[in-house]
Amino acid sequence: MLSSDLDPLKDGVTGPLAVVVSQSVEGSSLVASHSHVRGQLLGVWRGLLTLCTESGKWLVPKVHAVWIPPGQLHWASVHGQADAWSVYLRPDACMGLPAQPATLRISALLRETVRRLEGLDGEPTEAMRRLLEQVVVNEVASLPAEALDLPMPTSASL
């Protein structure tokens, strides 16, 4: 099961990115409804996820990620085998990023930057980490949203 109890605010990181997390999941899993103080970019290296909010559902296939703004109540389902990753951004780094969840087709630059950040383990200088973090923020801001969402009806009669 995917972890929904990770608290990215306890990591002590001062740059725009709080945490880069990768998890392998097999079978059918559900992450309970929750929200984060930080923004979250959720993607998969392999497999398929569905992200849900009260206003809609977003598919997250390979080479895509879904942007989840800070404070957005959400839950997710994993379909089959999936290798998922998340990047959590401090609220002040989310200014200018989409105010609503959105599925983004990740660029090669974003993909490789996330992979590089996954494997840092204190290796580079703080300046290098901050540079990589800023690349992620800039890429998320520049990527167009793709129509991989399904709005949920708001009418009681539906």
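Biologist: Why is G96 called exposed?
Modeller: The relative accessible area of G96 is 74%. Exposed means over 50%, buried means under 20%, and partly exposed lies in between (1.4 Å probe, protein chains only). The value of 74% is over 50%, and therefore G96 counts as exposed. This is a predicted model, in which local features need pLDDT of at least 70 and side-chain atom pairs count only at pLDDT 80 or more, whereas totals for chains, interfaces and linings use all residues. Residues are numbered from 1 along each chain as its sequence is written, and side-chain values use heavy atoms, with hydrogens and water left out.

Biologist: Where does G96 lie?
Modeller: G96 is in the loop between β6 and β7 (102-105). Helices (H or I, at least four residues) and strands (E, at least two) are DSSP runs, numbered from the N terminus. The C-alpha atoms of G96 and V140 are 9.8 Å apart in space, although 44 residues separate them in sequence.

Biologist: Why is P98 called partly exposed?
Modeller: P98 has a relative accessible area of 31%. That value falls between 20% and 50%, so P98 is partly exposed. The loop between β6 and β7 also holds P98.

Biologist: Which residues are in contact with P98, leaving aside neighbours within four places in sequence?
Modeller: They are W67 and P69. Contact means heavy atoms within 4.5 Å. A separate distance, C-alpha to C-alpha, is 9.1 Å between P98 and A145, which are 47 residues apart along the chain.

Biologist: Why is A76 called buried?
Modeller: The relative accessible area of A76 is 6%. Since 6% is under 20%, A76 counts as buried. A76 lies in strand β6 (residues 74-89). Beyond four places in sequence, A76 is in contact with S29, L30, V31, T50 and L51. Its C-alpha atom is 8.0 Å from that of S33, a residue 43 places away in sequence.

Biologist: Which residues does S77 touch, not counting those up to four places away in sequence?
Modeller: S77 touches S29, L30, L48, L49 and T50. Strand β6 contains S77. For S77 and L49, 28 residues apart along the chain, the C-alpha separation is 5.7 Å.

Biologist: How many disulfides does a search of the whole structure find?
Modeller: The search finds zero. A disulfide is a covalent bond between the sulfur atoms of two cysteines. In the model, a pair of cysteine sulfur atoms must be within 2.5 Å to count.

Biologist: Why do C52 and C94 count as buried?
Modeller: C52 has 6% relative accessibility, and C94 has a relative accessible area of 9%. Both values are under 20%, so C52 and C94 are buried.

Biologist: Is the crossing of α1 and α2 left-handed or right-handed?
Modeller: It is left-handed. This name applies if the near helix is turned anticlockwise from the far one by less than a right angle; clockwise gives right-handed. The axes of α1 (residues 108-118) and α2 (residues 126-142) come within 10 Å and cross at roughly 145 degrees. Axes are lines fitted to C-alpha atoms, for helices over the stretch in contact, and angles run from 0 to 180 degrees between N-to-C directions.

Biologist: Where is V63, and why is it called partly exposed?
Modeller: V63 sits in the loop between β4 (56-61) and β5 (64-68). Its relative accessibility is 29%, between 20% and 50%, so V63 is partly exposed. Phi of V63 is near 65 degrees, a positive value in a residue other than glycine.

Biologist: How many helices and strands does the chain have?
Modeller: The chain has two helices and nine strands. Along the sequence, their pattern is β-β-β-β-β-β-β-α-α-β-β. Of the 158 residues, 44% count as buried.

Biologist: Over which residues does pLDDT stay under 50?
Modeller: This holds over residues 1-9. The predictor's confidence in each residue is its pLDDT, from 0 to 100. For the chain, the mean pLDDT is 81, and 80% of the residues reach 70 or more. Where pLDDT is low, the predicted coordinates should not be read in detail.
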